[in-house]
Amino acid sequence: MDPDGEPSDISLSLGLLAPRAPYFDQLVLDAIAAGTRQVVNLGAGYDDRALRFRHSGVQFFDLDLPEIIADKARRLEALDTDITRVTLAAVNFATDDVADVLARAGHDAQQPTLFIGEHLVLFLQPGDVERLLAGVSSHAAKGSILALTAEVHPDGLDSALVISTVDDVMFGGAGPLHTIKARDA
């Protein structure tokens, strides 16, 4: 919704989503085909890859904010969806240690894992991104893969101005964006 309560033009968001969604879908399919048995979706939101790509012997872990996970769980239950191979785990990337959350969720740190963080980093403070990466790294077995999107801008622009402008265009100035760096950074 825009600030006046009218439906917003989501064409910009869809334009950004279109090229990356098939890429991440293919990463999941390739990982499963290669024998990876765990897929962790960092900031999963309402993503349905765990349902679309469920496969015998593959465990999916969808991590997101507690309120998102609770709502997603309610919706999946209302649809009577089989989530036997899906673990929904609540995490606040600004305060929680993702390694601890994964351990409590039953993730096996000794098994190679595909970790995906699609369209997540720009919503986190730079220090939270560093902590997230450290937590994932500490819980990733040899052979694990991390794929994430990191929004960047051309060198020479002020990062704070870029963040403010993108926030205004995409979110009506609500202020959820934090990390968009210059390509050099």
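Colleague: Which residues does Asp96 touch, not counting residues up to four places away in sequence?

Modeller: In this predicted model, Asp96 touches Val91, Val101 and Arg131. Asp96 itself is found in the loop between strand S3 (86-90) and helix H4 (98-105).

Colleague: Why is Asp96 called partly exposed?

Modeller: Its relative accessible area is 29%. Buried means under 20% and exposed over 50%, so Asp96, at 29%, falls in between.

Colleague: What makes the pair Asp96 and Thr95 a polar contact?

Modeller: The distance between the two side chains is 3.5 Å. The cut-off is within 3.5 Å, and for residues adjacent in sequence both atoms must be side-chain atoms. The contact of Asp96 with Thr95 is between side chains, so the pair counts. The side chain of Asp96 also has a polar atom 2.7 Å from the backbone nitrogen of Asn92.

Colleague: How many residues apart along the chain are Asp96 and Asp128?

Modeller: They are 32 residues apart, and their C-alpha atoms are separated by 9.5 Å.

Colleague: Which atoms come together at the start of H4, and what follows the helix?

Modeller: At the start, a side-chain oxygen of Asp97 reaches to within 2.9 Å of the backbone nitrogen of Ala99. After H4 comes Gly106, with a positive phi near 95°.

Colleague: What makes the phi of Asp80 worth a remark?

Modeller: Most residues other than glycine have a negative phi. Asp80 is not a glycine, yet its phi is positive, about 55°. The residue sits in the loop between H3 and S3. His119, in the loop between strand S4 (114-117) and helix H5 (126-138), also has a positive phi, near 60°, without being a glycine.

Colleague: Why does Asp80 count as exposed?

Modeller: Exposed means over 50% relative accessible area. Asp80 has 71%, so it counts as exposed.

Colleague: What makes S1 and S2 a pair, and how does S2 relate to S3?

Modeller: Two strands pair if there are at least two bridges between them. S1 (residues 38-42) and S2 are joined by 5 bridges, so they pair, and they run parallel. In this pairing Val39 stands opposite Phe60. S2 and S3 also pair in the parallel sense, over 5 bridges, with Leu63 opposite Ala89. Between S2 and S3 the chain crosses through helix H3 (residues 66-78), and this β-α-β crossover is right-handed.

Colleague: How many helices and strands does the protein chain have?

Modeller: There are 6 helices and 7 strands. Of the 185 residues, 38% count as buried.

Terms used. Residues are numbered from 1 along each chain as its sequence is written. This is a predicted model: local features need pLDDT of at least 70, side-chain atom pairs count only at pLDDT 80 or more; totals for chains, interfaces and linings use all residues. Side-chain values use heavy atoms; hydrogens and water are left out. Helices (H or I, at least four residues) and strands (E, at least two) are DSSP runs, numbered from the N terminus. Buried means under 20% relative accessible area, exposed over 50%, partly exposed in between (1.4 Å probe, protein chains only). Contact means heavy atoms within 4.5 Å. A polar contact is a pair of N or O atoms within 3.5 Å; within protein, one must be able to donate a hydrogen and the other to accept it, and residues adjacent in sequence count only if both atoms are side-chain atoms. A crossover is right-handed if, with the strands pointing away from the viewer, the path from the first strand over the helix to the second runs clockwise.
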